[in-house]
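Colleague: I am new to this structure and would like to learn how to read its sheet and its helix packing. Could you take me through these features one at a time?

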Amino acid sequence: MVTLRKGRDLIVYSRNVAALADCLLEGDVQKSWLLIAIYIEEGHSSTDIYTFLTEAMYEIGKRWQENKISVADEHLATATCDYVLTRFQLSQHQLLQRHRALLFCIEGEEHYLGIKMIAGLMREQGWEVKNLGASLPLPFALKSIERWDPDVVCLSVSQVHLLPDLQKYIAEIENMPQSPLVLVGSWLLNTHDLSASGSSKTIFINHIQAFKDWLLINNKESSTQDKMLAMGEEI
């Protein structure tokens with residue numbers, strides 16, 4: 001499990017994750033949402049909700065690897081999770097937009113739920129977000145960055161054989177005149193050193209909580225800069 005828990009709490013949480021995975025695999029949007037709604041009522045944060053959903057999808061991936069479910073089952077679960085994510089994100093309060101972020105999966109990467117969660121957190125924290133989804137070819141990514149000029153570009157990859165392509169994406173983007181900050185989200189960071197794929201400027205994130213921490217620090221620094229500018233204008 002990604003979340004560190006102990007004793008009975010871990011057992012209960014594991015059962016809840018398995019129950020959510022079952023509901024997603026059944027394509028039951030109402031039962032899936034009910035489990036999320038209970039979690040919300042218990043006072044859990046957006047990050048907790050996203051972690052809960054992520055671990056349920058990890059459980060589904062594990063069942064697929066063990067040949068307990070089919071590709072069709074996995075696709076149904078993904079579509080159901082997508083619905084639940086959308087419903088949750090529409091219910092969240094969003095701050096005024098202050099920065100821009102462009103998000104997408106590199107070409108060949110079809111697993112897009114992670115960047116959808118990232119997009120939701122960024123909107124909650126006042127970012128203007130464009131999520132270009134799964135498997136975006138590099139030329140189209142570069143054109144979108146050139147046209148929209150985001151402050152941050154978030155890339156997602158979860159397959160080892162795509163890592164050479166990730167290196168190309170990062171190099172091309174960081175060398176653009178717009179010079180956006182490149183942030184890479186990948187569970188592969190739990191088992192692979194991806195630092196060679198980027199530069200000293202590239203930020204690598206392996207978990208939704210780590211991204212939330214980065215987001216809060218970034219917003220705090222930006223807020224401080226805005227206050228200093230405002231003081232300068234008053235003087």
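Modeller: Please keep in mind that this is a predicted model. Let us begin with the sheet, which is open and is formed by 5 strands in the order S2-S1-S3-S4-S5, with parallel pairing.

Colleague: Which strands stand at the edges of the sheet?

Modeller: Strand S2 (127–131) and strand S5 (203–205) stand there, and each has a single partner strand, so one side of each is left without a neighbour in the sheet. On average, neighbouring strands of this sheet are turned by 20° against each other, with direction ignored.

Colleague: How should I read the pairing of S4 and S5, and over how many bridges does it run?

Modeller: In general, the strands of a sheet pair through backbone hydrogen bonds, in either a parallel or an antiparallel way. Here strand S4 (residues 181–185) pairs with S5 in the parallel sense over 3 bridges, and Leu-183 has Ile-203 in S5 as its bridge partner.

Colleague: Which strands does helix H6 touch?

Modeller: Helix H6 (residues 138–148) packs on the sheet, where it touches strand S1 (99–105), S2 and strand S3 (152–156), and the direction of H6 makes about 170° with that of S1.

Colleague: At what angle do helix H4 and helix H5 pack?

Modeller: Helix H4 (residues 71–90) and helix H5 (residues 113–124) pack at about 0°, with their axes 11 Å apart. Angles under 35 degrees count as roughly parallel, and H4 and H5 are therefore roughly parallel to each other.

Colleague: Which residues meet there?

Modeller: Among them are Thr-78, Cys-81 and Leu-85 in H4, and Leu-113, Lys-116 and Met-117 in H5. The residues of this contact of H4 with H5 divide into 5 nonpolar, 4 polar and 3 charged.

Conventions
Residues numbered from 1 in each chain as written. Predicted model: local features only at pLDDT ≥ 70, side-chain atom pairs only at ≥ 80, totals over all residues. Heavy atoms only, no water. Pairing = 2+ DSSP bridges. Helix = DSSP H or I, 4+ residues; strand = E, 2+ residues; numbered from the N terminus. Axes fitted to C-alpha atoms, helices over the stretch in contact; angles between N-to-C directions. Contact = heavy atoms within 4.5 Å. Parallel < 35°, antiparallel > 145°, perpendicular 65-115°, else oblique. Nonpolar A, V, L, I, M, F, W, Y, C, P; charged D, E, K, R; others polar.
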